[in-house]
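This report describes the fold and selected local features of the structure shown below.

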Amino acid sequence: MASGEASGPSTRSPREPEPRTARQDKYSVLLPTYNERENLPLIVWLLVKSFSESGFNYEIIIIDDGSPDGTRDVAEQLEKIYGSDKILLRPREQKLGLGTAYIHGVKHATGNYVVIMDADLSHHPKFIPEFIRKQKEGNFDIVSGTRYKGNGGVYGWDLKRKIIRLYRKEVLQKLIEKCVSKGYVFQMEMIVRARQLNYTVGEVPISFVDRVYGESKLGGNEIVSFLKGLLTLFATT
């Protein structure tokens, strides 16, 4: 066979992406905030520690919705401390809903994977490397935290709590296009839509704790909106 001659047809499907190494992957953490002045420095420190120790490339995108408690000022200081390549403050002028915060954040994400989580310490960043390992192990489109498997636990956790998730960026973008919810039901709708679109979902057992500082952000009107969103979701899926 001549040196320039191909050795045979490729077995790679034309739709199958080229393999990437762990060093090439980048993880964008979307961190919506509203009145998280006390929690933000700690959650950012824990995220930086977790990613630094595991060796994964990352960025943390803080989406503050005009917090009156000075959360934005704290975020600006964190940006200076850790560097604008790792901490990206992408604020909005007012509280516009969790779903739109993710839509806003993903527009600024430069990673090929996106992690969405709370800034109130109900999710511990130490689980993120486990999410990454699970994703690579099963080549999943989405990895979701669950309190119902393995060693997962719950401490002061209620049904209003949101769940940490890891997405392929292109999958998250497609789900955002499909979702109609904008409030706290947004994350639940995304996982329902993901199953409709036959995306693969892996699960990691994690522990949840109730928020460390501050009060729950869910007022009476938001709880009603949440329940209405659930009814709409069940009626249309």
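At 52% relative accessibility, Asn139 counts as exposed, because the cut-off for exposed residues is over 50%. The model is a predicted one. Asn139 is placed in the loop between helix H4 (128-138) and E5, and its phi is positive, about 55 degrees, although the residue is not a glycine. Most residues other than glycine have a negative phi. A second residue of this kind is Asn198, which is not a glycine and has a positive phi of about 65 degrees. Asn198 belongs to the loop between helix H6 (186-196) and E8, and with 65% relative accessibility it counts as exposed. The table sets out the two residues.

| Residue | Phi | Relative accessibility | Loop |
|---|---|---|---|
| Asn139 | about 55 degrees | 52% | between H4 and E5 |
| Asn198 | about 65 degrees | 65% | between H6 and E8 |

## The sheet and the helices across it

Seven strands make up an open sheet of mixed pairing, in the order E3-E2-E1-E4-E7-E5-E8. Its edges are strand E3 (87-89) and strand E8 (201-205), each of which pairs on one side only. On average, neighbouring strands of this sheet are turned by 20 degrees against each other, direction ignored. Within the sheet, strand E1 (residues 26-33) and strand E4 (residues 113-116) pair in the parallel sense over four bridges. Val29 has Val115 in E4 as its bridge partner.

Two helices may be described relative to these strands. Helix H2 (residues 71-82) lies across E1, strand E2 (57-64) and E3, and runs at about 145 degrees to E3. Helix H5 (residues 169-178) lies across E4, strand E5 (142-146) and strand E7 (165-168), and runs at about 95 degrees to E7.

## Helix H4

Which residues of H4 are buried? They are Ile128, Pro129, Phe131, Ile132 and Gln135. These residues cover an arc of only 155 degrees around the axis, which puts them on the same side of H4. An α-helix has 3.6 residues a turn, so residues three or four places apart point the same way. The packing partners of the buried residues of H4 are E1, H1, E4, E5, E7 and E8. After H4 comes Asn139, with its positive phi near 55 degrees.

## Nonpolar cores

The largest nonpolar core comprises 34 residues, and those with the most contacts inside it are Leu31, Leu40, Ile43, Val44, Leu47, Phe51 and Ile60. Two or more residues are given to this core by each of E1, H1, E2, H2, E3, E4 and H4. H1 supplies the largest share, seven residues. Leaving aside neighbours within four places in sequence, Ile43 is in contact with Leu31, Met117, Asp118, Ala119, Leu121, His123 and Pro125. A second, separate core has 24 residues, including Val171, Leu172, Leu175 and Val201.

## Ser50 in helix H1

Ser50 lies in helix H1 (residues 39-54). Is this residue buried or exposed? Ser50 counts as buried because its relative accessibility is 9%, and the cut-off for buried residues is under 20%. The side chain of Ser50 reaches the backbone oxygen of Pro125 at 3.1 Å. Apart from neighbours within four places in sequence, the contacts of Ser50 are Pro125, Lys126 and Pro129. Pro129 is also one of the buried residues of H4, and Pro125 is among the contacts of Ile43.

How values were computed: Residues numbered from 1 in each chain as written. Predicted model: local features only at pLDDT ≥ 70, side-chain atom pairs only at ≥ 80, totals over all residues. Heavy atoms only, no water. Pairing = 2+ DSSP bridges. Axes fitted to C-alpha atoms, helices over the stretch in contact; angles between N-to-C directions. Contact = heavy atoms within 4.5 Å. Buried < 20%, exposed > 50% of the residue type's maximum accessible area, 1.4 Å probe, protein only. Polar contact = N/O pair within 3.5 Å; in protein donor to acceptor, adjacent residues only side chain to side chain. Arc of directions from axis to C-beta. Core = buried A, V, L, I, M, F, W, Y, C linked by side-chain atoms within 4.5 Å.
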